[in-house]
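The entries below follow the order in which I went through them.

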Amino acid sequence: MRITDIEIKNFRAFRGTYHIDLSKSGKNLIVYGENGSGKSSLYLALKLFLESGLDATDASKIDTGFEKHQNIFVEEPGHIKLDFSEEHQRIQETYEWSENLKETHNDLIIETLKASGFLDYKDLLKVHNVEPQVGVVNVFNLLVETLLVNTINYETDRSLAEDWNDIQEPYPRRNAKNQITSLENRIDIFNIELANRLDELSPKVREILGKFGYEVDLSLDFKGITYNQKNKTLENQQILLNVKFFDKDISEQYLLLNEAKLSAIALSIFLSSILLQPESDLRILALDDVLIGLDMSNRLPVLDILKEYFPDHQIFLTTYDKVWYEIVKQRTEEKDWKYAEFYFSQTDEYEIPVYAEDKAYLDKAKEYLKANDYKACAVYLRTAFEAIIKRFCDKRNLRVRYCENPKQLMSEDFWDPIKTGTKRDGTPFLAQTLIRQIELYRSIILNPLNHATIANIPKREVEEAIDAVEELETALVQV
């Protein structure tokens, strides 16, 4: 089972409708995105969609109301739709999560959630920015309440969350001996189950951590919870992270390790815990900008780890690092991966993410034109124009004004060498009629943020601007 299509409408950063086609095979996805471009909104769309399938009792700590994630710049109700399909089968199922419709409360969605892993950079901070307690790092809450909650004891068919909930308040009176004995028995069961999971987790953590090539070893020390009858509290809620560096115990100096080693340790703990999740027809691994603390040499092992340990997971990666994005493209197979880019843009009234996929710029411009949203149409039309001329300049090795920061280059810097350039036989790249046509509509194409201008432009002129850009694209392809 794989996700084959993602449709997001008016959700958080996404204004309007966005489609991400993952093909019939359900490819993995990597997204490059500038800050504010919507990549984390995509991550949350997947995460919250799955979480919305839980019962209200299970979701007591999860906000599953779509309306609270509605895009603030539009009143039209939004939704998230995911298409699921079995490999090598034509059967496809579509599920929707919106304010008025929640089709996610079914076994497929719930089992997928429990078997999946979602990790962002904030989660990593829970491991390597944990506040030391008396010189130690305690990851009890992280493991018991987050990472291992869905792991199953297959002899009892119970999750760790169920065992943990069995020993929570209210606690018995001090003289209720039978009830206290029953509680202590349940605590013993929990201690055994947690110890068993840690015994399974620890070697996986060390194994994955070893892929980064560090002389770092770690263990998870759990002594067992005890019940304090006098105070009616559970004591010893500790899983201590013991770390050795070149065989030297540095547990108390753990946070003095550099950022790369701390991130590698955190990643190893998270990824190892995902391997303990229950089986499911679909398992998702989503990583949102989690490699911030790793330099390039430390990021490359992550691709090897994903390939070796998560071949059956559908993987979703987001990154703000364009170089890393390009490296992932080079080191992965196109038949298995989808590559997408998000960019940040805005009008004078709202922000809008720009999603790049083949001819999606012009298609999106037409979509917004049809909806009479000329501002959003102009954003995509300008982006299409700039992408076309930049691609041509790169292909033809045309001389472009040097700028230390490439982001400061203007569209004029790419358009001028094209409109004045010639082929090898001396003929111009473009006919003068097309150049004049482009110049005529440049105020529409390149100035979508000018409120007064956009507001007064007739729809027909916007349509003609789109036609001009399409004609430009065709002409440059034929040069």
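Entry 1, the β1–β2 loop. I began with Arg12, which sits in the loop between β1 (2-11) and β2 (14-21). The model is predicted, so I take each angle here as a computed value. Phi of Arg12 is positive, about 50°, although Arg12 is not a glycine. I noted this because most residues other than glycine have a negative phi.

Asn236 lies in the loop between β11 (233-235) and β12 (240-245). Its relative accessible area is 40%, so I list Asn236 as partly exposed. Asn372, which follows α10, has a positive phi near 65°. I then looked up the peptide bond between Glu169 and Pro170, which is cis, with omega about 5°. Pro170 belongs to the loop between α5 (160-165) and α6 (177-210).

I picked Val243, which is placed in strand β12. Val243 counts as buried because its relative accessibility is 0%. Leaving out residues up to four places away in sequence, I read its contacts as Val216, Asp217, Leu218, Lys248, Asp249, Ile250, Ser251, Tyr254 and Leu257. I also checked Val243 against Leu220: they are 23 residues apart along the chain, and their C-alpha atoms are separated by 9.0 Å.

Is Lys39 buried or exposed? I find Lys39 in helix α1 (residues 39-51). Lys39 is buried, because its relative accessible area is 4% and buried means under 20%. What does its side chain reach? The side chain of Lys39 reaches the backbone oxygen of Gly33 at 3.2 Å. Not counting residues up to four places away in sequence, Lys39 touches Val31, Gly33, Glu34, Asp289, Thr318, Thr319, Tyr320 and Phe342.

How many cavities of 30 Å³ or more does the structure hold? I count two. The largest cavity has a volume of about 130 Å³, and 16 residues line it. Nearest its centre lie Val290, Leu291, Thr318, Thr319 and Trp324; Thr318 and Thr319 are also contacts of Lys39. Which element gives the most to this lining? α8 does, with four residues. Both α8 (296-309) and β15 (314-319) supply at least two residues each. By class I get eleven nonpolar, two polar and three charged residues in the lining of the largest cavity.

The second largest cavity holds about 40 Å³ of space. Its lining is made of Leu29, Val31, Leu42, Tyr43, Leu46, Ala286, Phe316, Leu317 and Thr318. β3 (28-33), α1 and β15 are the elements that give two or more residues to this lining. I sorted the lining of the second largest cavity into eight nonpolar, one polar and no charged residues.

I listed the buried residues of α10 (residues 360-370) as Ala360, Tyr361, Leu362, Lys364, Ala365, Tyr368 and Leu369. What do they pack against? They pack against β2, β16 (337-346), β17 (351-356), α11 and α16 (459-478).

The largest nonpolar core has 78 residues, and Ile3, Ile6, Phe84, Leu430 and Leu472 touch the most other members. Helix α11 (residues 374-396) gives the largest share of this core, twelve residues. A second, separate core has 72 residues, including Leu198, Tyr214, Ala264 and Tyr309.

Definitions and conventions: Residues are numbered from 1 along each chain as its sequence is written. This is a predicted model: local features need pLDDT of at least 70, side-chain atom pairs count only at pLDDT 80 or more; totals for chains, interfaces and linings use all residues. Side-chain values use heavy atoms; hydrogens and water are left out. A nonpolar core is a set of buried Ala, Val, Leu, Ile, Met, Phe, Trp, Tyr and Cys residues joined through side-chain atoms within 4.5 Å. Buried means under 20% relative accessible area, exposed over 50%, partly exposed in between (1.4 Å probe, protein chains only). A polar contact is a pair of N or O atoms within 3.5 Å; within protein, one must be able to donate a hydrogen and the other to accept it, and residues adjacent in sequence count only if both atoms are side-chain atoms. Contact means heavy atoms within 4.5 Å. On a 1 Å grid over the protein atoms alone, a cavity is a set of points where a 1.4 Å probe fits but cannot get out, and a pocket is an open set with protein on both sides within 12 Å along at least five of seven lines; lining residues have an atom within 4 Å of a point. Grid points are joined across faces, edges and corners, and a volume is the space filled by probe spheres set on the points. Ala, Val, Leu, Ile, Met, Phe, Trp, Tyr, Cys and Pro count as nonpolar, Asp, Glu, Lys and Arg as charged, and the others, Gly among them, as polar.
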